[in-house]
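Dear colleague,

Please find the structure below, handed over for your records.

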Amino acid sequence: PNLNGYNFAVKYKPSQDIGGDFYDFIELPNGNHAIAFADISGHGIPASLLSTMFKVLLVSYAKNYEDPAELLKLLNEEVVESFPEGKFISLFYFVIDKASNKISYCKAAQEPALILKKNGDILELTGQGQVLGLFSEKDFPGVLRFDTDILELEAGDKLFLYTDGINESQNKNEEFYGNERLKLTLRECVDMDAEETLNSVLNDLKLFLDGLSILDDLTLMCVEKK
């Protein structure tokens, strides 16, 4: 999106021709923007079809729910009803308030997002929330919990999102790329813009794999506060 005060960059690499990783930018009726960043279970055509179904659900309901946690509660019930048994979605959902520049978010078992501060510090966004589609609130009342948290990026900060296709990639020695190596790579990107940051991370992953292919869908996103 062309959103004043922010730069965005995305890299999407499915393990097959198409995959189940999913992201979307949604302009809300009040002028705010939402970001959905998801990983649908499975690979290839089946996962891609489910991601298409999820996009329809997400866009249909997002414009009526400003609170991320309330939206994810509703989406969970819809996924339980419409997805095949055993299929589920991990999701990070953000709403950028254009007036205050504050970002509200809710996490549904997605990989912890990382904030790369201008001084090189890295913060993890964990949050509370289960995967979408495994349990219905109707069947297990009180068990499910989704929380909305607030963050505020300062000029030069970067919000980095990723699916487990990167941290669970293994090299020829069956070592995982892992979150610690990812953090070390990100710390070298303090003075880079969003696009350069993603390219740097992918280049380091390529060095790590040393010729091996990525076996899982991989999606990276960087949101840079100008």
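**Salt bridges and a surface patch**

E70 is partly exposed, with a relative accessible area of 37%. Please note that the model is a predicted one. The side chain of E70 forms a salt bridge with that of K73, at 3.2 Å from N to O. Both residues belong to helix α2 (residues 68-82), where they stand three residues apart, about one turn of the helix. K73 also counts as partly exposed, at 37% relative accessibility.

In total, eleven salt bridges were counted. Another of them joins K55 to D24, with the closest N and O atoms 2.7 Å apart. This pair links distant parts of the chain, since K55 lies in helix α1 (residues 44-62) and D24 in strand β2 (residues 21-27), 31 residues apart. K55 is partly exposed at 36% relative accessible area, whereas D24 is buried at 12%.

A further salt bridge is formed by the side chains of E154 and K117 (3.7 Å, N to O). E154 is in the loop between β8 and β9 (158-162) and K117 in the loop between β6 (113-116) and β7, so the pair ties together parts 37 residues apart in sequence. Salt bridges with shared partners join K117, E154 and D157 into one network. K117 is buried, its relative accessible area being 18%.

Finally, the surface carries a nonpolar patch made up of F88, L134, F135, F140 and V143, which together have about 440 Å² of accessible area.

With kind regards

Technical notes:
Residues are numbered from 1 along each chain as its sequence is written. This is a predicted model: local features need pLDDT of at least 70, side-chain atom pairs count only at pLDDT 80 or more; totals for chains, interfaces and linings use all residues. Side-chain values use heavy atoms; hydrogens and water are left out. Patches are made of residues with over 30% relative accessible area and no salt bridge: like charges are joined within 9 Å, nonpolar side chains (Val, Leu, Ile, Met, Phe, Trp, Tyr) within 5 Å. Accessible areas come from the Shrake-Rupley method with a 1.4 Å probe; for residues, only the protein chains shown count as cover. A salt bridge is a side-chain nitrogen of Lys or Arg within 4 Å of a carboxyl oxygen of Asp or Glu. Helices (H or I, at least four residues) and strands (E, at least two) are DSSP runs, numbered from the N terminus. Buried means under 20% relative accessible area, exposed over 50%, partly exposed in between (1.4 Å probe, protein chains only).
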